[in-house]
Amino acid sequence: MSKHTNITAFLTQHLQGEHSVALNAILADVLSACKKIAVAIDKGALAGNMGSLASENVQGEVQKALDVITNDIFIEACQQSGYIAGMASEELVDVVEIAQDKCKNGQYLLSFDPLDGSSNVNVNISVGTIFSILKSANKKPELADFLQSGTEQICAGYALYGTSTMFVLTAGNGVNGFTLDADSNEFLLTHPNMQIAKETQEFAINMSNYRFWREPVQRYIDECLQGEEGDRKKDFNMRWVASMVAEVHRILVRGGVFMYPTDSNSRSGKLRLMYEANPMSFIVEQAGGASTTGTQRILEVQPTGIHQRVPVMMGCKSEVDRIVAYHQTKPKRK
Ligand code: P6P
């Protein structure tokens, strides 16, 4: 018998308030989906799922076979509880309306990225699933019902398919992490009450986009690179996994700051608000960190579309506060 609490028992105690019954049921489906996705990914090349399809998703990105497979797994699994009335997926242009007979118990909305960082699968680097749960005002939700700011989320989390499979979530009262036990096929509590370190010397950013960044971001990174000889008077380390879930998880465990500001394709950055930036910002803030577009708290951005992109800078609060301050001051002369 494991000394660790299993997630179902933990959530029964942990989830309080008006949404607790619904969340326990919805999360049981999400967990079931993530276990199935972990199996699909673990097969690797043996399952013949590693290739790309002829199709593109709404982002114009070439879809991997696993993008579609994991999307289908998530949609099918998350209709079981009867509480989800609508879904929005990175892989689908429009929201998925759930038949009335499949959502008799309630009207919650589920936004998700079924396989974040999927281009890493072929090279065996960590990938993840990200999800966000909102409440709908309407029994038959439409696109407009999804367009709620991140502060309205009632639950958010991710699965990380890494050296171990983990599940991390918040329902607004702290962040807790669970590890999938292969013997019992249960997620067990291994990282209670996760908190981001107050100080850090590690940043994560794709340096190849340096020339596209606004001056405050270039200034922040320049100072990190100048190390002890520069204004920061300490050396920094850099990481870039090209999988947001892995970056955010590392920051929860050992601190740091993750940045995806503007890039060559978009002055508003690459990451999507509804199913990447908002759920991860909810988690980061609940763990004592901060999350900004540079000029606005991400959780307060009013969405205009389910695939809207935002610049993202999140992690250690003191570093994010510094980045925000640089966006508020006149550019330093170089
Ligand atoms: P780049 C994965 O495609 C993703 O959406 C995030 O998970 C990740 O942080 C970022 O894009 C990587 O982007 O431009 O470095 O490939």
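This is a predicted model: local features need pLDDT of at least 70, side-chain atom pairs count only at pLDDT 80 or more; totals for chains, interfaces and linings use all residues.
Biologist: Fine, let me try it. Is Asn-185 buried, partly exposed or exposed?

Modeller: Asn-185 has a relative accessibility of 41%, so it counts as partly exposed. You'll find Asn-185 in the loop that links strand S9 (175-181) to strand S10 (186-191). There is a backbone detail to look at here too: the phi of Asn-185 is positive, about 55 degrees, although this residue is not a glycine.

Biologist: Which class does Lys-233 fall into?

Modeller: Lys-233 is at 63% relative accessibility, so that one counts as exposed. Its phi is also positive, about 55 degrees, and again the residue is not a glycine. Lys-233 lies in a loop as well, between helix H5 (215-226) and strand S12 (237-239).

Biologist: Now the whole chain. How many helices and strands does it have?

Modeller: Eight helices and 15 strands. The C-alpha trace spans about 65 × 45 × 45 Å along its principal axes.

Biologist: What share of the residues is buried?

Modeller: Buried residues account for 57% of the 334. Contacts tell you about the fold in another way: take those between residues at least 6 apart in sequence, and 65% of them join residues at least 24 apart. As for the surface, the accessible area is about 14,300 Å², with 50% of that belonging to carbon and sulfur atoms.

Biologist: Which helix is largely enclosed by the rest of the structure?

Modeller: Helix H6, residues 244-254: nine of its eleven residues are buried, so the rest of the structure largely encloses it. Among those buried residues are Glu-247, His-249 and Arg-250, along with Val-245 and Ile-251. Just after H6 comes Gly-255, with a positive phi of about 90 degrees.

Biologist: On to cysteines. How many disulfides does a search of the whole structure find?

Modeller: First, the general idea: a disulfide is a covalent bond between the sulfur atoms of two cysteines. In a model you look for sulfur pairs within 2.5 Å. The search here finds zero. Cys-78, for example, is in no disulfide, and its nearest cysteine sulfur, in Cys-34, is 7.7 Å away. Cys-78 is at 1% relative accessibility, so it counts as buried.

Biologist: Where along the chain does Cys-103 lie, and what is it in contact with?

Modeller: Look in the loop between strand S4 (96-97) and strand S5 (108-116). Leaving aside neighbours within four places in sequence, Cys-103 is in contact with Gly-82, Ile-84, Ala-85 and Ile-98. Ala-85 is 18 residues away from Cys-103 along the chain, yet their C-alpha atoms are separated by 5.4 Å.

Technical notes
Residues are numbered from 1 along each chain as its sequence is written. Side-chain values use heavy atoms; hydrogens and water are left out. Helices (H or I, at least four residues) and strands (E, at least two) are DSSP runs, numbered from the N terminus. Buried means under 20% relative accessible area, exposed over 50%, partly exposed in between (1.4 Å probe, protein chains only). Contact means heavy atoms within 4.5 Å. Accessible areas come from the Shrake-Rupley method with a 1.4 Å probe; for residues, only the protein chains shown count as cover.
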